[in-house]
Amino acid sequence: VAGTRSSLLALLRRLRAEGATIAAYGAPAKGNTLLNYCKIGTDLVAYAVDRNPLKQGRYTPGQHLPVPPAEVLLERQPDYVLILAWNFAREIVAQQAEYARRGGRFILPLPVPRIL
């Protein structure tokens with residue numbers, strides 16, 4: 001896990017240093033555990049969209065990323081989206097096909113961080 005943590009942080013820091021914008025998709029408990037364990041805050045990831053209206057307009061616990069609706073991805077078109085609900089990565093990528101068509105890329109954090 002420690003190797004994944006350092007690899008993920010290195011990837012996010014490199015992308016930000018290159019001027020990339022990064023958002024996250026999903027605000028599940030496991031995603032928040034990852035954000036807090038890795039100390040990924042708004043300096044690396046601007047916000048975490050979620051389709052659940054009960055989470056929208058709130059903040060992730062611990063790192064306090066704002067949680068807007070998923071439609072914000074197309075409005076703001078960040079360069080990368082960190083998938084926090086990695087067990088639903090296939091569905092999220094399919095659902096966000098327009099975001100990808102416009103040039104957006106996805107980051108899958110586990111088991112080894114990689115850009116899709």
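Q: Why is Q96 called buried in this predicted model?
A: The relative accessible area of Q96 is 8%. Buried means under 20%, so Q96 counts as buried.

Q: What makes the pair Q96 and Q95 a polar contact?
A: Their side chains are joined at 3.2 Å. The cut-off for a pair of N or O atoms is within 3.5 Å, and residues adjacent in sequence count only if both atoms are side-chain atoms. The pair is 3.2 Å apart and runs from side chain to side chain, so the term applies.

Q: Which residues does Q96 touch, not counting those up to four places away in sequence?
A: Q96 touches Y25, A70, L73 and F106. Touching here rests on heavy atoms within 4.5 Å.

Q: How do you know that the radius of gyration of the protein chain agrees with that of a compact globule?
A: For 116 residues, the globule value would be near 13 Å. The protein chain has 13 Å, so the two agree. Along its principal axes, the C-alpha trace spans about 30 × 30 × 25 Å.

Q: How much of the protein chain counts as buried?
A: The share is 44% of the 116 residues. The accessible surface comes to about 6,100 Å², and 55% of that belongs to carbon and sulfur atoms.

Q: What pattern does the protein chain follow along the sequence?
A: The pattern is α-β-α-β-β-β-α-β-α-α-β-β, built from 5 helices and 7 strands.

Terms used: Residues numbered from 1 in each chain as written. Predicted model: local features only at pLDDT ≥ 70, side-chain atom pairs only at ≥ 80, totals over all residues. Heavy atoms only, no water. Helix = DSSP H or I, 4+ residues; strand = E, 2+ residues; numbered from the N terminus. Rg over C-alpha atoms; globule rule 2.2 N^0.38 Å. Buried < 20%, exposed > 50% of the residue type's maximum accessible area, 1.4 Å probe, protein only. Areas by Shrake-Rupley, 256 points an atom, 1.4 Å probe, with all protein chains shown as cover. Polar contact = N/O pair within 3.5 Å; in protein donor to acceptor, adjacent residues only side chain to side chain.
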